[in-house]
Amino acid sequence: MLQQDSNDDTEDVSLFDAEEETTNRSKKSKIRHPVASFFHLFFRVSAIVVYLLCELFSTSFIACMVTIILLLSCDFWAVKNVTGRLMVGLRWWNHVDEDGKSHWVFEARKASSPESKTVSEAESRIFWLGLITCPVLWVIFAFSALFSFRIKWLTLQIMGPSI
């Protein structure tokens, strides 16, 4: 029997238009990770909702601030460890070399890799729109707190989203 070399340079060629059909289906892109997509938006949106409705439920500024900071911390953890990896293929970690110096390593899934087919276009849009629009809302809230002379709420605007 002949053994086939696993490192040969042959490609699998699709018959007819099978490859074209799969790319068209992936462009329609259903959400493959609905739980990750939900929590990616849940922590961000709930922090904004708590900020907007906080004075209705509680008179304690500290309780509101702690709740918002905890929600944004959960959002940071979820984006760094779960949703960034599942939804768009981002990874990052800290590497300490022999000299004791700390180096941050950032990786993104390459568009030409076969793993990139696991990233759907809908999830990618959800991820990036959530990542961009929520800080824009926080900036709008910061300016509104500044112009309405609510200085203690302005401190929350400055400290909260920077977590």
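I began with Ser37, which, once its neighbours within four places in sequence are left aside, is in contact (heavy atoms within 4.5 Å) with Ile31, Met87 and Glu123. Ser37 lies in helix 2, where helices (H or I, at least four residues) are DSSP runs numbered from the N terminus. I noted Ser37 as buried, its relative accessible area being 6%; buried means under 20%, exposed over 50% and partly exposed in between, with a 1.4 Å probe and protein chains only.

For the record, I am reading a predicted model, in which local features need pLDDT of at least 70 and side-chain atom pairs count only at pLDDT 80 or more, while totals for chains, interfaces and linings use all residues. Residues are numbered from 1 along each chain as its sequence is written, and side-chain values use heavy atoms, with hydrogens and water left out.

I then turned to the rings and found 12 aromatic pairs in the structure. Phe38 is partly exposed at 47% relative accessibility, and Phe42 is partly exposed at 35%. Phe38, Phe39, Phe42 and Phe43 form one aromatic cluster.

Last, I looked at Lys80, which lies over the face of Trp92 at 4.8 Å from the ring centre; the criterion is NZ of Lys or CZ of Arg within 6 Å of the ring centre and within 35 degrees of the ring normal.

Terms used: Rings of Phe, Tyr and Trp (its six-membered ring) pair if their centres lie within 6.5 Å; planes under 30 degrees apart count as stacked, over 60 as edge-to-face and the rest as tilted. Helices (H or I, at least four residues) and strands (E, at least two) are DSSP runs, numbered from the N terminus.
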